[in-house]
Amino acid sequence: MRSIIAQKSNRNDIVEKIVSLSKRKGFVFQSSEIYGGLNGCWDYGPLGVELLNNIKAEWWKAMTYREDVEGLDAAILMHPKVWEASGHVENFTDPMIDCKQCKARFRLDTLGEGIADKRKDKIFRAFKEKENNFSDSDKEKIENILSSEMTSNEKFEAILEIKNVAASFLEEVNCSQCGNKGTFTEPRNFNLMFKTFLGSVEKTENAIHLRPETAQGIFVNFLNVQSSSRQKLPFGIAQIGKAFRNEINTKNFLFRTREFEQMEMQYFVKPSDDKKNYDTWKENRINFYKELGMSADKLRFHDHPADKLAHYAKEATDIEYKFPFGWGEMEGIHNRTDFDLSQHEKHSGKSQKYFDDELREKYIPYVIETSAGASRSFMAFLIDAYNEEEVKGETRVVLKFHPRLAPIKVAILPLVNKDGMPEVAKEIEADLRPFMRVFYDSKGAVGRRYRRQDEAGTPFCVTIDTQTFEDNTVTVRDRDSMEQIRLEKDKLLSYFLEKLR
Ligand code: GAP
């Protein structure tokens, strides 16, 4: 067998193939599809929900089956003051522009991504001719950017970050929707939180937000969890849950959506221990993906430079995956210092201090946060598992999920739908089903049934054939090597449980 994915598929092809496979096999559907879909929202089908649940279960085990981390499930709706204290009301914004002609809306900081480099160079040249209109200091900034080693895209972004020149620069840019030039509005900030109303009256005092991150539910429960579980520093609180962001541009399938799931853990530490714990969690988290079979050469850290840190962070890194459209963040690890707890202390008037009985003093702990996207890592696991191989002159599509992530663990296939084989197959199904997700399939040639399971990512297929009646054995086919062994049917359960450990 030979992998042919690199030769046959270009980068966008792969995402398109995965979107189409996702629909065909029941991993992911467009939300409200019969009404034309809802932008930025997706539904997880029968195989998708299994994969997503398996990812979340692995994360939950890795993060909470330890003595220093407790679990939590906080409400999605929270007191409005939470988002003032956290800084989200003021800072959780994206700069955006609208095209006055066609009304399309764009995120200013990603506008350049949709423009070819050649076109960008033309824009830079036209813009340079106008530089005498700017102050000396802005002129110097522009010249430094244009003569730097940055990529065209980075130059594009950097110019748009210079406040007094952004509007003039935009005059040279064509709208990618309608093609008109000079039709953009001035940049303005757009808050990404979804607003709704508590109770029946839609008035300003009743406005609340859908949470844009699960983390704040953890911060406001810090002392509840600490006192009820009698934890001492360092300890963590972990939570999995939905988050909502009214993203201006959703894109790349599940990568940037408006409704998604996060798997977050806040690790509360003595302030002087922040660096040590930050480094430990960095390694711990990247290993999580590797241990679940994600290709190590497609994983890397991207440390944030000091001038790009979020308002709450002292140090931050992203665990990035090499998606077909480029490197993209899958998880953020942040040293959030005492920012959040101090803010909640200030805004609620309730002390958030921890009493350290060894030091005999009270202080606000620092927080190391690990914040993973369940939906985004779902997409990375799906892409990483996707393989096209040439087998006996035919293309085999196979999802090589780690067995613990695979939606279906074992397919049970009677070779023919007669001669007592379905009865034995049903017995095996009944033995295995209480312990793992299995699938019974008796329709079509066995080769075709294997291919269907390869596309679903099922790691093992059990086939009942005539020899089963002679020696009580069945074949067990391995998805990745396609090798088959014979095993006594009474030993199947312990064999698979061992493989899934
Ligand atoms: N509490 C910190 C926090 O929320 P973030 O970097 O904004 O940090 C963490 O988000 C993770 O949540 C990201 O690494 C990504 O996996 C996921 N995420 C964020 N926005 C997303 C979106 N619009 N669609 C899908 N996943 C998203």
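1. Start with one residue pair. Val 410 stands opposite Val 438, a residue of strand S21. The model is a predicted one. The pair belongs to strand S20, which covers residues 410-414 and runs parallel to S21, with 3 bridges between the two.

2. Now the sheet around that pair. It is open and has 5 strands, in the order S21-S20-S22-S23-S24. The pairing is mixed. Strand S21 (438-440) and strand S24 (484-488) form the edges, and each of them pairs on one side only. On average, neighbouring strands here are turned by 25° against each other, direction ignored.

3. A helix goes with this sheet. Helix H15, residues 421-432, lies across S20, S21, strand S22 (460-464) and strand S23 (473-478). Relative to S20, H15 runs at about 165°.

4. Turn next to strand S5. S5 spans residues 93-98 and runs antiparallel to strand S7, residues 188-191, with 4 bridges joining them. Which residue of S7 is the bridge partner of Asp 94? The partner is Phe 190.

5. Strand S5 has another partner to check. Strand S6 (residues 105-107) is joined to S5 by 3 bridges, and the two run antiparallel. Asp 98 has Arg 105 of S6 as its bridge partner. Together S5 and S6 make a hairpin, with 6 residues between them. Look at Lys 103 in the turn: its phi is positive, about 70°.

6. Then the ligand. There are 22 residues around the ligand, and those that come nearest are Glu 213, Glu 247, Thr 257, Glu 264 and Glu 329. By class, the shell holds 10 charged, 6 polar and 6 nonpolar residues.

7. Glu 329 places a polar side-chain atom 2.6 Å from a ligand oxygen atom. Met 330 uses its backbone instead: an N or O atom there lies 2.8 Å from an oxygen atom of the ligand. For Arg 336, a side-chain N or O atom is 3.4 Å from a nitrogen atom of the ligand.

8. How much of the ligand does the protein cover? On its own, the ligand has 550 Å² of accessible area, and the protein covers 93% of that.

9. Last, the elements behind the shell. Strand S11 (259-269), strand S14 (326-337) and strand S17 (366-373) are the elements that each give two or more residues to the shell around the ligand. S14 gives the most, with 6 residues.

Notes
Residues are numbered from 1 along each chain as its sequence is written. This is a predicted model: local features need pLDDT of at least 70, side-chain atom pairs count only at pLDDT 80 or more; totals for chains, interfaces and linings use all residues. Side-chain values use heavy atoms; hydrogens and water are left out. A residue is near a molecule or strand if one of its heavy atoms lies within 4 Å of it. A polar contact is a pair of N or O atoms within 3.5 Å; within protein, one must be able to donate a hydrogen and the other to accept it, and residues adjacent in sequence count only if both atoms are side-chain atoms. Accessible areas come from the Shrake-Rupley method with a 1.4 Å probe; for residues, only the protein chains shown count as cover. Ala, Val, Leu, Ile, Met, Phe, Trp, Tyr, Cys and Pro count as nonpolar, Asp, Glu, Lys and Arg as charged, and the others, Gly among them, as polar. Two strands pair if DSSP finds at least two bridges between them. Axes are lines fitted to C-alpha atoms, for helices over the stretch in contact, and angles run from 0 to 180 degrees between N-to-C directions. Contact means heavy atoms within 4.5 Å.
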